[in-house]
Amino acid sequence: MMPLIFASVGEENCIRKIGGNAETKKFLENLGFVVGSTVIIVNEINGNMIVNVKESRIAISKEMASKILV
């Protein structure tokens, strides 16, 4: 397992764990980041990422991406 921030652009990854406190986990789950789902990094700018998850494009900060383990 590694944080999403270390994954490559265009690479398909399976979410294995969501870290952080309960509030952070709930926030990410509401965006579609749930264990077992697939996430693809579309672009990365200064550590912030645009990802495809559940047919949606979502921009997340480097801080949030580091809590998603793939």
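This is a predicted model: local features need pLDDT of at least 70, side-chain atom pairs count only at pLDDT 80 or more; totals for chains, interfaces and linings use all residues.
Residues are numbered from 1 along each chain as its sequence is written, and side-chain values use heavy atoms, with hydrogens and water left out.

**Val35**

I then checked its accessibility: Val35 counts as exposed, at 55% relative accessibility (buried means under 20% relative accessible area, exposed over 50%, partly exposed in between, with a 1.4 Å probe and protein chains only). Residues up to four places away in sequence aside, Val35 touches Ile15, Arg16, Lys17 and Ile18, contact meaning heavy atoms within 4.5 Å. For Lys17, I also looked up the C-alpha separation from Val35, which is 5.8 Å although the two residues are 18 apart along the chain.

**Thr24**

Next I turned to helix 1 (residues 22-31), which contains Thr24. Thr24 is buried, with a relative accessible area of 12%, and, apart from neighbours within four places in sequence, Thr24 is in contact with Gly19, Met64 and Lys67.

**The whole chain**

I listed two helices and six strands for the protein, which run β-β-α-β-β-β-α-β from the N terminus on. The radius of gyration is 10 Å, close to the 11 Å that the globule rule gives for 70 residues, so the protein is as compact as a globular protein of that length; the radius is taken over C-alpha atoms, and the rule is 2.2 Å times the number of residues to the power 0.38. Of the 70 residues, 34% count as buried, and among contacts between residues at least 6 apart in sequence, 52% join residues at least 24 apart.

**The core**

Finally I looked up the largest nonpolar core, which has 16 residues; such a core is a set of buried Ala, Val, Leu, Ile, Met, Phe, Trp, Tyr and Cys residues joined through side-chain atoms within 4.5 Å. Strand 3 (38-45), strand 4 (48-53) and strand 5 (56-60) each supply at least two residues of this core, and the largest share, three residues, comes from strand 4. Val51 is one of the residues with the most contacts inside the core, and outside four places in sequence I found Val51 touching residues including Leu4, Phe33 and Val39.

Technical notes. Helices (H or I, at least four residues) and strands (E, at least two) are DSSP runs, numbered from the N terminus.
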